[in-house]
Amino acid sequence: MQLIDIGANLGHDSFDHDLDAVLQRARDAGVVQLVVTGASREGSPRALELARQHPGFLYATAGVHPHHASEYTDECDAELRALHAHPQVVAVGECGLDYYRDLSPRPAQRRAFERQLQIAVDTRKPLFLHQRDAHADFMAVMRNFQGQLGPVVVHCFTGSRAELFEILDQDWHVGITGWLCDERRGQHLRELVPHIPAQRLMIETDAPYLLPRTVKPQPAHRRNEPMYLAHIAGELARDRGEDVAVTAAQTTANARAFFGLPRRD
Ligand SMILES: [Zn+2]
């Protein structure tokens, strides 16, 4: 079984002391490639650095998460564009809107999001997007770029049935995380995932966040790791009523096509 984690925040400082062991455990669990999420002005060059240290295994995105939208200056825009000149940077993002935490003012979030969409237009790279409690504004911003963008994935989808169908109507991809395994807030997702067409589905851990609550026993440190992608694939397959080998093969093929990753044996 070959799995691809399309969203892992491996530049997070909780991985500083044992990243090699984390990557080995991921390999042992069938994870053949990972896309390291770049989510800030500081974190995006770090994601690229990791990709360059592990060629063919790690890839990176470069972007500024809505939480950090306040730091999106002209200089920051120029830095991101320079990062996108590197072939290991395979998508624009993480970017989008987050009105749940509102860590940056909403107008700043919308501006940073639009500027990164323009980078995607100019570089023709796929988009790795974040949306939480901001669906209507998110769709409105995206409408302004209609017809100009390449492939889009809404990562860590946690929204409603209506939101899911609007996303699928746009022919965008959907990223599923261990949120699915959260009996408190992910129950509705279990009923929605069978409706995602096989060709639009990808999987991710969002490590070190979102440790799947159905992993037993729960590690004492509570840190999520890419090795748990196999657990997420298993839960997703069960909810979709298909063999995990089918879910794995399909999501891996989708991720390769979406990010333009080479095959691995
Ligand atoms: Zn996110």
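This is a predicted model: local features need pLDDT of at least 70, side-chain atom pairs count only at pLDDT 80 or more; totals for chains, interfaces and linings use all residues.
Eight strands make up an open sheet, in the order β1-β2-β3-β4-β5-β6-β7-β8, and the pairing is parallel. As a reminder, strands of a sheet pair through backbone hydrogen bonds, either parallel or antiparallel. At the edges sit β1 (3-8) and β8 (201-203), each pairing on one side only. On average, neighbouring strands are turned by 30° against each other, direction ignored.

Let me take β3 as the example. Strand β2, residues 31-36, pairs with strand β3, residues 58-62, in the parallel sense, over three bridges. Across that pairing, Leu34 stands opposite Leu58 in β3, and Val35 stands opposite Tyr59. With β4 there is again a parallel pairing, and β3 and β4 share three bridges.

How many of the residues of β3 are buried? Five of five, so the strand is mostly covered, buried being under 20% relative accessible area. In a regular strand the side chains alternate between the two faces of the sheet. In β3, Leu58, Ala60 and Ala62 point one way. Tyr59 and Thr61 point the other way, and all of these residues are buried.

Next, α4. This helix lies across β4 (89-98) and β5 (127-132), and runs at about 155° to β4. Helix α4, residues 106-123, also packs against helix α3, residues 74-83. The angle between the two is about 30° and their axes are 11 Å apart. Angles under 35 degrees count as roughly parallel, so α3 is roughly parallel to α4. The crossing of α3 past α4 is right-handed.

Which residues make that contact? From α3, they are Asp74, Asp77, Leu80 and Arg81. From α4, they are Arg115, Gln116, Gln118, Ile119 and Asp122. Sorted by class, the contact has two nonpolar, two polar and five charged residues.

That leaves the backbone. There is a cis peptide bond from Gly93 to Glu94, with omega near 10°. Glu94 is in strand β4, the strand that α4 lies across. Another cis peptide bond joins Ala207 and Pro208, where omega is about 5°. Pro208 is in the loop between β8 and α8 (229-240).

That loop between β8 and α8 also holds Arg222. Arg222 is not a glycine, yet has a positive phi of about 65°. Is Arg222 buried or partly exposed? It is partly exposed, with a relative accessible area of 44%.

Asp171 is another non-glycine residue with a positive phi, near 70°. Asp171 sits in the loop between α6 and β7, which brings us back to the helix I began with.

Definitions and conventions. Residues are numbered from 1 along each chain as its sequence is written. Side-chain values use heavy atoms; hydrogens and water are left out. Axes are lines fitted to C-alpha atoms, for helices over the stretch in contact, and angles run from 0 to 180 degrees between N-to-C directions. Helices (H or I, at least four residues) and strands (E, at least two) are DSSP runs, numbered from the N terminus. Angles under 35 degrees count as roughly parallel, over 145 as roughly antiparallel, 65 to 115 as roughly perpendicular and the rest as oblique. A crossing is left-handed if the near helix is turned anticlockwise from the far one by less than a right angle, and right-handed if clockwise. Contact means heavy atoms within 4.5 Å. Ala, Val, Leu, Ile, Met, Phe, Trp, Tyr, Cys and Pro count as nonpolar, Asp, Glu, Lys and Arg as charged, and the others, Gly among them, as polar. Two strands pair if DSSP finds at least two bridges between them. Buried means under 20% relative accessible area, exposed over 50%, partly exposed in between (1.4 Å probe, protein chains only).
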